[in-house]
Amino acid sequence: MIAERLSALRGRITRAAGHNPPPALVAVTKTQPESAVREVLEAGVRIIGENRVQEAQTRWKALQDWREKVELRLIGPLQTNKVRDAVALFDVIETLDRMELATALSAEMAKQNRPLRCLIQVNTGEEPQKSGIRPQELDTFLKDVRALGLNVRGLMCIPPVDEPPELHFALLRKLTDRFELPERSMGMSGDFESAIRLGATSIRLGSAIFGDRT
Ligand SMILES: *Cc1c(COP(=O)(O)O)cnc(C)c1O
């Protein structure tokens, strides 16, 4: 089932990319059993997105035989008391969203000598309940986190549920262009084709690969 879904998705990704290089596919494994994650790995996916540090630790203890071959990305919110575990486990942090976290990450990466790549989460919809840096604060935030020595590779966003996602993808595109950042993490199961057309360099797919979450 999973292998078939993936093969259909790869076709849609290639077609949406057209003449451009297709984006990286990040398989989002939240709530999935180890067996389903193994299927995805056996079908050739090599980038995995995790929402929670603790769930990821448990999963990758069980999947240790795969760990070296896989890039692990944190795509959920990170509490400062989980920074040490996150730096030890992940390769990329996609949800850098506040200065307090940047400071803690910078100190911990130096301590563990693991300079992970980071993306800044942008609150493109300026939703009060959602984490992320507001677009107009990005300039200052970027300067401040770079001054800490963090390796900021790009931006990620999660558009508001009740608005056309294209507006938000286009905004993320504009912001990465303005700040000359190479990576854009945008697009999920319901909207990845428009994200690709608007320049996603990675898309995060959960239910389209695994089926609906229970
Ligand atoms: C769950 C999740 C996804 C994947 O969502 P689907 O709609 O299942 O593809 C992508 N990004 C983040 C941040 C998520 O939490």
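Reader: By class, which residues make up the shell around the ligand?
Author: The shell has 5 nonpolar, 4 polar and 3 charged residues; Ala, Val, Leu, Ile, Met, Phe, Trp, Tyr, Cys and Pro count as nonpolar, Asp, Glu, Lys and Arg as charged, and the others, Gly among them, as polar. This is a predicted model, in which local features need pLDDT of at least 70 and side-chain atom pairs pLDDT 80 or more, while totals for chains, interfaces and linings use all residues. Residues are numbered from 1 along each chain as its sequence is written, and side-chain values use heavy atoms, without hydrogens and water.

Reader: Which residues are around the ligand?
Author: They are V28, K30, N51, I75, I158, M188, S189, R204, L205, G206, S207 and R213, each with a heavy atom within 4 Å of the ligand.

Reader: What is the distance from the side chain of K30 to a ligand oxygen?
Author: An N or O atom in the K30 side chain is 2.6 Å from an oxygen atom of the ligand. For N51, the corresponding distance is 2.8 Å. A polar side-chain atom of S189 lies 2.5 Å from a ligand oxygen.

Reader: Changing topic, where does D191 lie?
Author: D191 is in the loop between strand 7 (183-185) and helix 9 (192-197); helices (H or I, at least four residues) and strands (E, at least two) are DSSP runs, numbered from the N terminus.

Reader: Is D191 buried or exposed?
Author: D191 is buried, because its relative accessible area is 16% (buried is under 20%, exposed over 50%, partly exposed in between, with a 1.4 Å probe and protein chains only).

Reader: How far apart are the C-alpha atoms of D191 and P165?
Author: They are separated by 7.3 Å, with the two residues 26 apart along the chain.

Conventions
A polar contact is a pair of N or O atoms within 3.5 Å; within protein, one must be able to donate a hydrogen and the other to accept it, and residues adjacent in sequence count only if both atoms are side-chain atoms.
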